[in-house]
Amino acid sequence: MTKVEHGNDSTARSGSIWTCPMHSQIRQAGAGSCPICGMALELEAPSLDEKPNPELIDFTRRFWVSAVLAVPLLILSMGSDMLEFHLVSPQISPWLQLALAAPVVLWAGSPFFVRGWASLKTRQLNMFTLISIGVGTAFLYSLVATIAPGLFPPAFKMHGMVPVYFEAAGVVVALVLLGQVLELRARAATGKAIRALLNLAPKTARRIAADGSESEIPLTDVMTGDHLRIRPGEAVPVDGVVIDGRSVVDESMLTGEPLPVAKAADSPLTGGTVNGTGSIVMEAQAVGSDTMLARIVKMVAEAQRSRAPIQAVADRISGWFVPLVVLIAIVTFAVWSLVGPEPRIGHALLNAIAVLIIACPCALGLATPMSIMVGTGRGAQAGVLVKSAEALQAFDEVDTLLIDKTGTLTEGKPRLVGIKSTGSMGEDELLRFAASVESRSEHPLAHAIVIAAKERNLALAEPQDFAVQVGAGISAKVEGRTVVIGNAAQMQSIGVEISSLSDAAQARRREGAGIMLVAVDSALAGFIAVADPVRVEAKQSIMALRQLGLHVVMLTGDNATTAQIVAAAVGGLDEVHADLKPEDKARIVTELKAKGAKVAMAGDGINDAPALAAADVGLAMGTGTDVAIESAGITLTKGDLGAVVRARTLAKATMANIRQNLFFSLVFNGIGVPVAAGVLYPVTGLLMSPMFAGAAMAMSSLAVVVNALRLGRIKL
């Protein structure tokens, strides 16, 4: 259940929600700290008007003050202890150290004590519990030793004086603050992907009024139906369609593909893409939060805050880790007090504090969310939109990929692939007559013929007496001549002999094309072959998917002959299932899962939605339907198998990064805690100072964040 904390921080901004990178259920209206782990909250979704994190500003100021005071404090203490060099008398030194350490601990380190106390009250023990106990113990012990040394028995004294450890408390605070500053800066980089997406949309648009005049207006004022001019080099402001002009548009922000796409009348445009050299006029069809860019930003932000199942490992460890560390620190103090070298109490105190400081579980908590945030942001830049961290982890574990044929292996848009004339007229003339008739038809194959004629700049005639013969074909009069287009049964019904082209037509059918016979004035004029071409990158992508460890299966509602032709063209498929209904695809998914397979389904149609929902993870091609996209865990804005390869690569890289972070965090604590407790002392005579423990703790957290940021540079 989502927990909303309403803060009263003066830095709160209207509409801004702050959340914890480790505990996404914590949300509040202003900046602050997480009540569970104590970490600084950050904006849920970056924005272009984002101001510097107030926590970063505050901690930076505290760090510099603590650093300025900690340096002379360290020189004063370590000079007398290690070099026997006394800048001041042994009687004055503790008081001077107190004067230097007090501002560092009581002011610069005050956020640690506030968060540490809150963790004790809420019983949510975290890194600040350990820091506040360690630093507080060192400072209070030294304070009493300075003000009332007579309270301590002789066993506590060294050279007649009770040792103080102000430098341990002060330097640890400075080092922890340095670690927090570096970590906050690094964490800010995780929002770079979203801010880059937000920057794609222009701030203004050029609207064309009804009288033809043009004016610059804010993007927020653009309404659906507005006509907008996009000049060469400008970004497309909103989603819509071209109504005038020709150009090429760079859609790499949407698809990850560098090649520009040609645009003419009726071509779709996506906000944030960049116009090339031509001037075009568009009609706005989706504005504001309805644009594809806004939906992408929203999806990425939600995915970055989602939790992967692997996070449960870190959660379980963190649940008992802090109490165990406190227990180890107590045992360390007891053992050193009983059997340690003189001064036993001094060694016991420093080693116990070192255990508390080095064991802070911040790195463990950051291991998963930092990788998820960077990985999903990188995916968005490559056209891989992850709905949740769970989907990303599921795709990493998948061993079987089911892919739809139409729109996935093939382009999903039928097009002319061949014309065969009997010789009574030329191929262009045959195509012009056929396209003139088909211009009245709504069939997808008819659209392919009309498009092909326009690409050849053929002038179409207005058909007369247009008629549809259901299940057979169509007919009309074109320029006074009777044109009939249809199948063999249609030709037979009007007495047209087709045997002269039977062999050529059959050869085209074996290639997977559909054949439309054309008769003009009751004589066979030829045929037109239309097919849904196999994507040029499909074969290479299938090979890449197999190399990534996937068993690839094709599912299609098309007939077995066409399915086998496509399968042979792409190669590498492990299985082919044809003549399937939507429920059949979902059934196959269920059967495979029952056999123990981890299944992913890639598709783009309404008929794929049941299978997408039934799979362990669904991959919706962005060129597909909203139903398919809503049913899937990952959306691929470039609707081809190359995008599936990118998604698999991203999932593998992100999960590997998470495992690296978890391994490093666990090994660091597994080695660091015993060393800080002094287990190496009997062999090496070396002990870990709390100052080194503080530096190591800060660097471990930073190492996890920096490792996660590497995902932003992976090649997809």
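This is a predicted model: local features need pLDDT of at least 70, side-chain atom pairs count only at pLDDT 80 or more; totals for chains, interfaces and linings use all residues.
Strands here are DSSP runs of E with at least two residues, helices are runs of H or I with at least four residues, and both are numbered from the N terminus. Two strands pair if DSSP finds at least two bridges between them. Strands of a sheet pair through backbone hydrogen bonds, either parallel or antiparallel. Strand 9 (residues 247–250) meets strand 10 in the antiparallel sense, over 3 bridges. Ser 247 stands opposite Lys 263 of strand 10.

The loop between strand 10 and strand 11 (268–269) holds Asp 266. Asp 266 is not a glycine, yet its phi is positive, at about 80 degrees. Asp 266 counts as exposed because its relative accessibility is 67%; the classes are buried under 20% relative accessible area, exposed over 50%, and partly exposed in between, with a 1.4 Å probe and protein chains only. Asn 457 also is not a glycine and has a positive phi, of about 60 degrees. The place of Asn 457 is the loop between helix 15 (444–455) and strand 17 (464–469). Asn 457 counts as exposed, with 71% relative accessibility.

Residues are numbered from 1 along each chain as its sequence is written. Local features need pLDDT of at least 70, side-chain atom pairs count only at pLDDT 80 or more, totals for chains, interfaces and linings use all residues, and side-chain values use heavy atoms, with hydrogens and water left out.

Another antiparallel pair consists of strand 5 (residues 204–208) and strand 6 (residues 214–218), joined by 5 bridges. Thr 204 stands opposite Pro 218 in strand 6. The hairpin of strand 5 and strand 6 has 5 residues between the strands. Gly 212 in this hairpin takes a positive phi near 95 degrees.

The protein chain as a whole has 25 helices and 26 strands. Of its 716 residues, 51% count as buried. Contact means heavy atoms within 4.5 Å. Among contacts in the chain with a separation of 6 or more, 67% come from residues 24 or more positions apart.

The nonpolar cores come next. In soluble globular proteins, nonpolar side chains tend to be buried together. A nonpolar core is a set of buried Ala, Val, Leu, Ile, Met, Phe, Trp, Tyr and Cys residues joined through side-chain atoms within 4.5 Å. The largest such core has 67 residues. Those with the most contacts inside it are Phe 395, Leu 401, Ile 403, Leu 409, Leu 573, Leu 636 and Val 644. Helix 23 (residues 641–677) gives the most to this core, with 10 residues. A second, separate core has 56 residues, including Leu 56, Leu 130, Ile 353 and Val 355.

Leu 401 touches residues including Leu 545, Leu 550, His 551, Ala 600, Leu 619 and Val 644, with residues up to four places away in sequence not counted. Phe 395 belongs to helix 12, where it is buried. Helix 12 (residues 389–397) is mostly covered, with 7 of its 9 residues buried. Gln 393 and Asp 396 are among the buried residues of helix 12.

Two other buried residues lie in helices. Asp 584 is in helix 20 (residues 582–594). Asp 584 is buried because its relative accessible area is 18%. The C-alpha atoms of Asp 584 and Thr 556 are separated by 9.8 Å, and the two residues are 28 residues apart along the chain. Asn 707 is in helix 25. Asn 707 counts as buried, at 16% relative accessibility. Asn 707 touches Asn 657, Gln 660 and Asn 661, leaving aside residues up to four places away in sequence.

The structure holds 2 cavities of 30 Å³ or more. A cavity is a set of points on a 1 Å grid over the protein atoms alone, where a 1.4 Å probe fits but cannot get out; lining residues have an atom within 4 Å of a point. Grid points are joined across faces, edges and corners, and a volume is the space filled by probe spheres set on the points. The second largest cavity has a volume of about 40 Å³. Its lining consists of Met 127, Val 176, Gly 179, Gln 180, Glu 183, Met 697, Ala 698 and Ser 701. Helix 5 (166–188) and helix 25 (690–709) are the elements that give two or more residues to this lining. Helix 5 gives the most, with 4 residues. The lining residues divide into 4 nonpolar, 3 polar and 1 charged. Here Ala, Val, Leu, Ile, Met, Phe, Trp, Tyr, Cys and Pro count as nonpolar, Asp, Glu, Lys and Arg as charged, and the others, Gly among them, as polar.

How values were computed:
On a 1 Å grid over the protein atoms alone, a cavity is a set of points where a 1.4 Å probe fits but cannot get out, and a pocket is an open set with protein on both sides within 12 Å along at least five of seven lines; lining residues have an atom within 4 Å of a point.
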